[in-house]
Amino acid sequence: MRNDIRRLREEAGLSQAALAEALGVSRQTVNSLENGRYDPSLPLAFAVAGYFRTTIEEIFHVDA
Amino acid sequence: MSTPERSLSDGRFLVAFACGLVAVGILCLVFVLAGQPDTAAGALVGGLAVTGLALVVRWRAKRRGPTADGGFSRTLLGTTDERDKAILTASLAWVGLTAFLANAIGLAAVALGADGSTVIGAIEALLIAVLVGAFVWLSRRT
């Protein structure tokens, strides 16, 4: 699963730690999400999408 | 939010710590009553070492706070998020799988004449090593 979390975070001028705190997860979790090593639960995916005021489909993309 | 903060309070930790001490005492007493003072002494030293280690780890984790930069610290502090829980679950799955295999091998070893208590101790040490190793490995991979 690919995602645009890194791009959205950098556009928002946030550090991984700041985003992690906003989402209620650890910095390592944000790092793993950005690097595609960890696929989030549906509630966390909704939380990420809600934080960036967009939809899950706009952030997460299934690998072809 | 997907990962509500849930920290292990000092009170709950102290209760768990006290229960650990009581368990060590009971185990020691059972060995003494069974006429095995050497085993009782070993259980006392080992038990106190483990509970003391738990106290030190808890203190270190608490000093670093809920944003502790390590899944192991967060697990001990009770501030895990969903990824930490997934890693812990997967690590425990590895422990369970290893336990099946280790018990089978241990049973065969005892049947072939190995000392039973030594085999049990070795299995215990192996399972702890697998838990720590799997946790570290999965933390780096996940």
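**A helix of chain B and its surroundings**

Tutor: Apart from its neighbours within four places in sequence, Asp84(B) is in contact with Gly71(B) and Arg74(B). The model is a predicted one, and every value below is computed from it. Asp84(B) belongs to helix α4 of chain B. The residue counts as buried because its relative accessible area is 1%, against a cut-off of under 20%.

Domain 1 covers residues 7–79 and domain 2 covers residues 81–142. The C-alpha centres of these two domains of chain B are 20 Å apart. Contact between them involves five residues of domain 1 of chain B and five residues of domain 2 of chain B. The two domains of chain B bury about 370 Å² between them, and carbon and sulfur atoms give 57% of that area. On the side of domain 1 of chain B, Phe72(B), Arg74(B) and Thr75(B) supply 77% of the area buried against domain 2 of chain B, more than any other three residues. The side of domain 1 of chain B that touches domain 2 of chain B has one nonpolar residue, three polar residues and one charged residue.

The next step is the boundary between the chains. Twelve residues of chain B are in contact with 16 residues of chain A. About 1100 Å² is buried between chain B and chain A, with 45% of it from carbon and sulfur atoms. Between these chains there are zero salt bridges, but six residue pairs are in polar contact, both residues being at pLDDT 80 or more. On the side of chain B that touches chain A, helix α4 (82–111) and helix α5 (116–141) of chain B each supply at least two residues. That side of chain B has one nonpolar, four polar and seven charged residues.

The side chains of Ser32(A) and Arg83(B) are joined by a polar contact of 3.2 Å. Ser32(A) is part of helix α3 (residues 27–34) of chain A. With a relative accessibility of 1%, Ser32(A) counts as buried. Beyond its neighbours within four places in sequence, Ser32(A) is in contact with Arg37(A), Tyr38(A), Arg83(B) and Thr142(B).

Helix α4 of chain B also takes part in covering a helix of chain A. In helix α4 (residues 42–51) of chain A, the buried residues include Leu44(A), Ala45(A), Ala47(A), Val48(A) and Ala49(A). The cover over the buried residues of α4(A) includes α1 (5–11), α2 (16–23), α3, α5 (56–59) and β2 (60–61) of chain A, together with α4 of chain B. Arg53(A) follows α4(A) and is found in the loop between α4 and α5 of chain A. The phi of Arg53(A) is near 50°, a positive value in a residue other than glycine. With 78% relative accessibility, Arg53(A) counts as exposed.

Two of the covering elements, α3 and α1 of chain A, are also linked through charged side chains. Glu34(A) and Arg6(A) form a salt bridge, with N and O 3.4 Å apart. This pair links distant parts of the chain, since Glu34(A) is in helix α3 of chain A and Arg6(A) is in helix α1 of chain A, 28 residues apart. Glu34(A) is buried, at a relative accessible area of 10%, whereas Arg6(A) is partly exposed, at 31%.

Helix α1 of chain A holds a further pair, Glu11(A) and Arg7(A), which are four residues apart, about one turn of the helix. The closest N and O atoms of the salt bridge between Glu11(A) and Arg7(A) are 3.1 Å apart. Salt bridges with shared partners join Asp4(A), Arg7(A) and Glu11(A) into one network. In the bridge between Arg7(A) and Asp4(A), the closest N and O atoms are 3.7 Å apart.

Conventions. Residues numbered from 1 in each chain as written. Chains lettered and ligands numbered in written order. Predicted model: local features only at pLDDT ≥ 70, side-chain atom pairs only at ≥ 80, totals over all residues. Heavy atoms only, no water. Domains from an automatic or database assignment. Contact = heavy atoms within 4.5 Å. Buried area = accessible area lost by both parts, 1.4 Å probe. Nonpolar A, V, L, I, M, F, W, Y, C, P; charged D, E, K, R; others polar. Buried < 20%, exposed > 50% of the residue type's maximum accessible area, 1.4 Å probe, protein only. Polar contact = N/O pair within 3.5 Å; in protein donor to acceptor, adjacent residues only side chain to side chain. Salt bridge = Lys/Arg side-chain N within 4 Å of Asp/Glu carboxyl O.
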